[in-house]
Amino acid sequence: EYSTKNICNKEGHCYPKVFIATNYFQEILEGQEIPAGLHVKIDFDSGKKYAKLLDHNNNEPTDIIIVDKDGSIHSDPAQIESSEVDTNQDAEVRIHHEDSLETNSSFPVIPSEHKENFRIPHSDNLLFEECVFKLTTTSQSLHDIISTLDSLEDLVHELEFGIKLAKGNGLISIVKLLDNDSNEVKEKAALVIGTTMQNNPSAQDEALKLDLIPYLLDLLSSETDIKVSSRLLYALSSMVRGKKESIQSIKDNQGLSRLAVVYQELENNEFRAKCALFVTYFIDPNMFNIVHKKFNLFDQHHHGDIITSFENTIETWCNLFQDTLFDDMGNDKEIDIDTREKLLSGISMIKSHYSRQCPLHTGFKHWLLNQINFDNDEYLEDYFRLVNQVKIQYGLI
């Protein structure tokens with residue numbers, strides 16, 4: 001039923017024009033068509049999309065988008081009738097469930113509140129166990145380590161594998177690789193950690209038990225490779241999003257202040273855009289109020305000097321975002337539109353919740369007033385809508 005046409009990118013890599021779904025998440029490549037009836041997950045840090053077959057027997061995280069057969073979109077799996085889902089399971093999967101290697105004490109047991117996904121192919125379970133075994137018990141070459149991490153990163157998009165990895169010795173072994181001599185290994189290890197934690201509260205709990213947040217902050221403060229730094233920030237972001245205790249850990253370890261130092265040292269637009277996203281999510285109450293309605297960035301027992309310190313840090317970030325956009329003459333710096341949008345979103349978010357900590361600098365005012373879409377380019381419509389929003393916040397229009 002699928003089109004035989006392929007898409008080929010600039011590097012000469014070709015892939016099917018129509019996305020072919022499996023029982024676990026795979027990345028939707030550029031230009032691919034998405035069939036109806038799939039779970040689609042969006043990674044808001046990287047902008048990448050992932051999809052898999054729809055499964056009603058599994059608890060999905062809240063940011064899953066379901067594309068119905070008629071093309072309509074839902075955010076809750078319960079909105080689609082179970083009759084629309086093929087519940088037939090391979091005999092191979094049933095056999096694996098009955099004779100599962102998970103009874104071995106070296107692999108963690110999924111908590112009772114999590115419904116095990118019996119539709120995961122037996123081959124995927126075997127591959128996962130093999131990868132964890134290699135990382136925890138054997139000495140591998142650099143090539144083998146990278147290959148194992150690539151396989152794990154693909155597998156832990158599945159919630160169940162993420163939980164198993166976090167609760168077993170696999171996560172500890174991957175954390176150790178963050179101190180590897182190879183930047184590629186460190187980058188991929190951080191990517192696996194971030195993907196494991198993404199929308200996975202059980203995995204986030206394990207990260208807190210291991211005290212990973214201060215450790216990642218230490219690594220980020222000393223790392224000089226841009227790609228590794230970006231992946232470390234992704235891992236931190238995945239641990240923090242929607243988790244009150246993780247947000248508190250960032251505060252307790254002066255995470256935003258330390259990240260501000262790294263932001264200034266690593267003059268890289270892509271990394272700075274990720275920093276802007278991190279800060280925006282951190283102070284956006286909508287990111288955690290759904291789960292923790294009574295949570296406030298400042299607990300009642302905190303003293304005034306702690307609040308003042310946090311407000312000073314927020315002001316630092318507002319200044320950094322503004323200064324990144326223009327030079328000493330108030331003119332545009334060579335920054336891509338995507339990075340500009342993230343910086344402006346950060347400024348807008350800070351201005352909304354900490355107005356006094358985000359004053360309008362003269363240079364930034366000059367820069368804002370010069371942001372006009374003279375060509376009325378539709379591609380830049382969202383960008384200039386954001387520009388006008390910030391202008392309104394500062395009373396410029």
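Trainee: How many aromatic pairs does the structure hold?
Mentor: Rings of Phe, Tyr and Trp (its six-membered ring) pair if their centres lie within 6.5 Å; planes under 30 degrees apart are stacked, over 60 edge-to-face, and the rest tilted. By that test there are 10 aromatic pairs here. Take W317 and F321: their ring centres sit 5.4 Å apart with planes at 40°, so this pair is tilted. This is a predicted model, where local features need pLDDT of at least 70 and side-chain atom pairs 80 or more, while totals for chains, interfaces and linings use all residues. Residues are numbered from 1 along each chain as its sequence is written, and side-chain values use heavy atoms, leaving out hydrogens and water.

Trainee: Are W317 and F321 buried or exposed?
Mentor: Both W317 and F321 are buried (under 20% relative accessible area, 1.4 Å probe, protein chains only). They share helix α13 (residues 304-325), 4 residues apart, about one turn of the helix. Helices here are DSSP runs (H or I, at least four residues), numbered from the N terminus.

Trainee: Which residues form one aromatic cluster?
Mentor: F278, F282, F310 and Y354 do.

Trainee: And how do I read helix packing?
Mentor: Two packed helices are described by the angle between their axes and the distance between the axes. For α4 (residues 159-167) and α7 (residues 201-209), the axes come within 8 Å and cross at roughly 15° (lines fitted to C-alpha atoms over the stretch in contact, angles from 0 to 180 degrees between N-to-C directions). That makes α4 roughly parallel to α7 (under 35 degrees).

Technical notes: Helix = DSSP H or I, 4+ residues; strand = E, 2+ residues; numbered from the N terminus. Buried < 20%, exposed > 50% of the residue type's maximum accessible area, 1.4 Å probe, protein only. Parallel < 35°, antiparallel > 145°, perpendicular 65-115°, else oblique.
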